[in-house]
Structure formats: structure tokens, C-alpha cells
Amino acid sequence: MEIHHQRRGTTLLVTMKGELDLLTAPIFRAQVDQELETFERLSSLILDLGKVDFIDSSGLGAILGRYKRIRQRGGKLLLVNAQPQVQKILELSGLDKIMPLFPNAERALEHL
Amino acid sequence: MSAAQNHMRMEFPSLPENVAFARTTVAVFASQLDFTLDELDEIKVATSEAVSNTVIHAYGKGTGTVTLCCQIFPDRLEVELVDEGIGIEDVDKALEPAYTTVPEERMGLGLVFINEYMDVLSIESKPGQGTKVHMVKYVKAPKPDGV
């Protein structure tokens, strides 16, 4: 799992590559939480899932945890670029109801 | 009941590092049958959930052995996952959506996904006597009772 993050104003844009599961979810969680703790003005999170080719409930749990943190700051968590199999899991879990899906980061940024 | 055309069995410690290994192995083995790529993805998710549950729950904070068996039949894949861990007190409760004994960032959706993606899921477990998870996926997904 490769994770890159970039701050754009009060938004943290996180790009992930690989598989988000029981092994890699803690890495994602630690990196995002560290950014959120270091930069308290960050109030929104955009997760680019374009290069995530596998996700299961462990990965979804880690995303949901970040959603809760960002909500506590009054912000939003938006998902972009999900591959079909990832999108199916998001729909099955109901997470797509609380975290809107966008085709790319620019469209998501416009929504904030 | 026809005999299995092929089978495999492997053992590994209940470590998170082995979850991806297990799901990939099962999906590759399953590809001997005429599953679609979407169905192979579904088998990967179901296996990942089953193995993750074992890693998280079966041996508490310790590590134990997980045995994974797969059988190929002309019309189906059967997957069996066995541990000798602490077992499940109430299997019916464990099958309820959103039920989890580890609430911190666990969604309790693992068995929901398995139910969605596999045609048969059965769990045998008793406290202190381990757990056996049995999953079946049919080729082109006809239901076992023809419904």
C-alpha cells in the first residue's frame, strides 16, 4: 500500500495505491491521523481510490473512522475515482450514502 | 455427491500478513472454474473477510494455526477455514449485520459481505473448541435448491 497526501488549503487529499485490508488499514489510519493532528486547520478529507484494487470491511472501517474524525471538525469526507469492485463494496456497506463519490479530485473540491 | 476434481490445503499462522496471501491463493485456485472476473473478486472479498475474522478473533491477542481447504467441483468452489481458537459464543448473533465484539473501527460487515458474495455460508463453533467456516460459490451462481 502506497499512500501520498497533499494539503490544499483546509483539505487533505490522500491518494492510495494497492490493497486496503487488515494489514494495510492501520498504515492508512496512522498517516491520515498524523496529518490531522499536526494540522488542526484541516477540516475536509478527499480520498482518491483510483489505484485501490481491493478493499474489504477492514479498509472500510478505517475509512469510516476517518469520516468520524473529520465530522467532529465539522468537515466532509469525499471519495473519488473508485474502481467498480470498490464502488460495489461501498454501496453494499452503505458508506456511499454518507460519503459522496466523485469522478475526480477537482469535482470533489468544487463540492466542498 | 460427486468427488472433488481438485483440492488444496494450506496452514498458516493467524497473522494479518497472511490475509492477502490467502485470498489471492483462493482466487487463483478458483480460476480453474468458469467464474467471471467479478465473481473471482467476490471470492477474494469473502475469503479476506473470513481469514480476517480468524486473525482478529480466533486466538485473542495471540497467534494460532489457520487451516484453509478448497475443493473444486464441476459446478462449485468450496472453501473451508478452520481454527482451534476460542470459538464463537453465539453464532446467530455474529451473523447479524453490524454486530462486532471489537467496536473500534470494525464495521461488523464481514459476514454480511460473505453472505452477499457466496451462495452458502455455514459456521460451526463452540466456545473453546474453535471455529469452522464453510463457504460455497456456484459457477454462474445457481442457488443450491434451484430457486
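1. Burial here is a neighbour count: a residue is buried if 20 or more other C-beta atoms lie within 10 Å of its own, exposed if 12 or fewer, and partly exposed in between, with C-beta atoms placed from the backbone. Val28(B) has 11 such neighbours and therefore counts as exposed. This valine lies in helix H1 of chain B. Its C-alpha atom is 9.9 Å from that of Ile43(B), 15 residues away in sequence.

2. On provenance: this is a predicted model, in which local features need pLDDT of at least 70 and side-chain atom pairs count only at pLDDT 80 or more, while totals for chains, interfaces and linings use all residues. Residues are numbered from 1 along each chain as its sequence is written, and chains are lettered from A and ligands numbered from 1 in the order in which they are written.

3. The interface. Contact (C-beta atoms, placed from the backbone, within 7 Å) joins 18 residues of chain B to 17 residues of chain A. On the chain B side, helices H1 (17-30), H2 (37-58) and H4 (110-117) each supply at least two residues. Helices and strands are DSSP runs, numbered from the N terminus: H or I with at least four residues for helices, E with at least two for strands. H2(B) gives the most to this side, with 7 residues. By class, the chain B side has 8 nonpolar, 3 polar and 7 charged residues. In this scheme Ala, Val, Leu, Ile, Met, Phe, Trp, Tyr, Cys and Pro are nonpolar, Asp, Glu, Lys and Arg are charged, and the others, Gly among them, are polar.

4. The core. A nonpolar core is a set of buried Ala, Val, Leu, Ile, Met, Phe, Trp, Tyr and Cys residues joined through C-beta atoms within 7 Å. The largest one holds 58 residues. Leu47(A), Leu49(A), Val26(B), Ala30(B), Ala46(B) and Ile114(B) touch the most other members. Strand S3 of chain A (residues 44-55) gives the most to this core, with 7 residues. Leaving out residues up to four places away in sequence, Ala46(B) touches Phe113(B), Ile114(B), Tyr117(B), Met118(B) and Met135(B).

5. H1(B) against H2(B). The two axes come within 8 Å and cross at roughly 145°. Axes are lines fitted to C-alpha atoms, for helices over the stretch in contact, and angles run from 0 to 180 degrees between N-to-C directions. The crossing is right-handed; that is, the near helix is turned clockwise from the far one by less than a right angle, with anticlockwise giving left-handed. On H1(B), the contact uses Val19(B), Ala22(B), Arg23(B), Val26(B), Ala27(B) and Ala30(B). The residues of this contact divide into 9 nonpolar, 3 polar and 2 charged.

6. Val55(B) belongs to helix H2 of chain B. It counts as buried because it has 25 C-beta neighbours inside 10 Å. Its C-alpha atom is separated by 4.7 Å from that of Ser14(B), 41 residues apart along the chain. Beyond four places in sequence, Val55(B) touches Leu22(A), Ser14(B), Leu15(B), Pro16(B) and Val19(B).

7. H2(B) against H4(B). Here the axes come within 9 Å and cross at roughly 150°. H2(B) is therefore roughly antiparallel to H4(B). The angle classes are under 35 degrees for roughly parallel, over 145 for roughly antiparallel, 65 to 115 for roughly perpendicular, and oblique for the rest. H2(B) passes H4(B) in a left-handed crossing. H4(B) contributes Gly110(B), Phe113(B), Ile114(B) and Tyr117(B) to the contact. By class, there are 6 nonpolar, 3 polar and 2 charged residues.

8. H1(A) against H2(A). Helix H1 (residues 25-38) and helix H2 (residues 57-72) of chain A pack at about 15°, axes 9 Å apart. They are therefore roughly parallel to each other. The crossing is right-handed. From H1(A) come Ala25(A), Phe28(A), Arg29(A), Val32(A) and Leu36(A). The contact has 5 nonpolar, 4 polar and 3 charged residues.

9. Arg71(A) also lies in helix H2 of chain A. It is exposed, with 12 other C-beta atoms within 10 Å. Arg71(A) and Arg29(A) are 42 residues apart in sequence and 16 Å apart in space, C-alpha to C-alpha.

10. One backbone point to check. Most residues other than glycine have a negative phi. Asn81(A) has a positive value, near 70°. Asn81(A) sits in the loop between strand S4 (77-80) and helix H3 (84-93) of chain A. With 21 C-beta neighbours inside 10 Å, Asn81(A) counts as buried.

Notes:
Contact = placed C-beta atoms within 7 Å.
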